[in-house]
Amino acid sequence: MRARDLVSEFPTIPLDAPAADAARIVADRHLLALIVVDADGSPAGVLPATAVLRQAVPRYCLDDPALARVVDEAHADAFLRSLAGRTVRDCMPDDPRELPVTDPDATVLEVAALMARTSSPLVAVMDEGRLLGAVLLTRLLGRVLSS
């Protein structure tokens, strides 16, 4: 089995798109991550949903989780408004990592190793400079476990 056998269409988002758009896509489609593309449409990285959330949660709650408990629900619901004015680029990790990108001929083990090495729940599949889609962790595990 190869990456081409597991690839699915997958949404992308540009680096300069609003972070709120990324949050909306993630929420509406129940995704763990998005493929971020540059101006040419090539993968620039994977944006974990938790990275968007990290931008929305107040810093003091990240530093001291006990402080999150003292915020009442009426005010807690407003925290996503803090994404206003932020872009996907702002949410991307500071430390550049290996891109979780492979070709359609990659084996299941190669895809799994790339996911594990990059801590990514998906791997983008490129063929001759064109994004075909992504292999999702859940699909990879499902196929492997059913074999």
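**View 1. Arg4 and Asp105 form a salt bridge, with their closest N and O atoms 1.9 Å apart.** A salt bridge here is a side-chain nitrogen of Lys or Arg within 4 Å of a carboxyl oxygen of Asp or Glu. Arg4 sits in helix H1 (residues 3-6) and Asp105 in the loop between strand S4 (101-102) and helix H7 (108-118), so the pair ties together parts 101 residues apart in sequence. Helices (H or I, at least four residues) and strands (E, at least two) are DSSP runs, numbered from the N terminus. Please keep in mind that this is a predicted model, where local features need pLDDT of at least 70 and side-chain atom pairs count only at pLDDT 80 or more, while totals for chains, interfaces and linings use all residues. Residues are numbered from 1 along each chain as its sequence is written, and side-chain values use heavy atoms, leaving out hydrogens and water.

**View 2. Arg89 meets Asp16 in a salt bridge, the closest N and O atoms being 3.1 Å apart.** This pair links distant parts of the chain, 73 residues apart: Arg89 is in helix H6 (residues 88-91), and Asp16 is in the loop between strand S1 (12-14) and helix H2 (19-29).

**View 3. Arg24 and Asp21 join their side chains in a salt bridge (3.0 Å, N to O).** Both belong to helix H2, where being three residues apart separates them by about one helical turn. A search of the whole structure finds four salt bridges.
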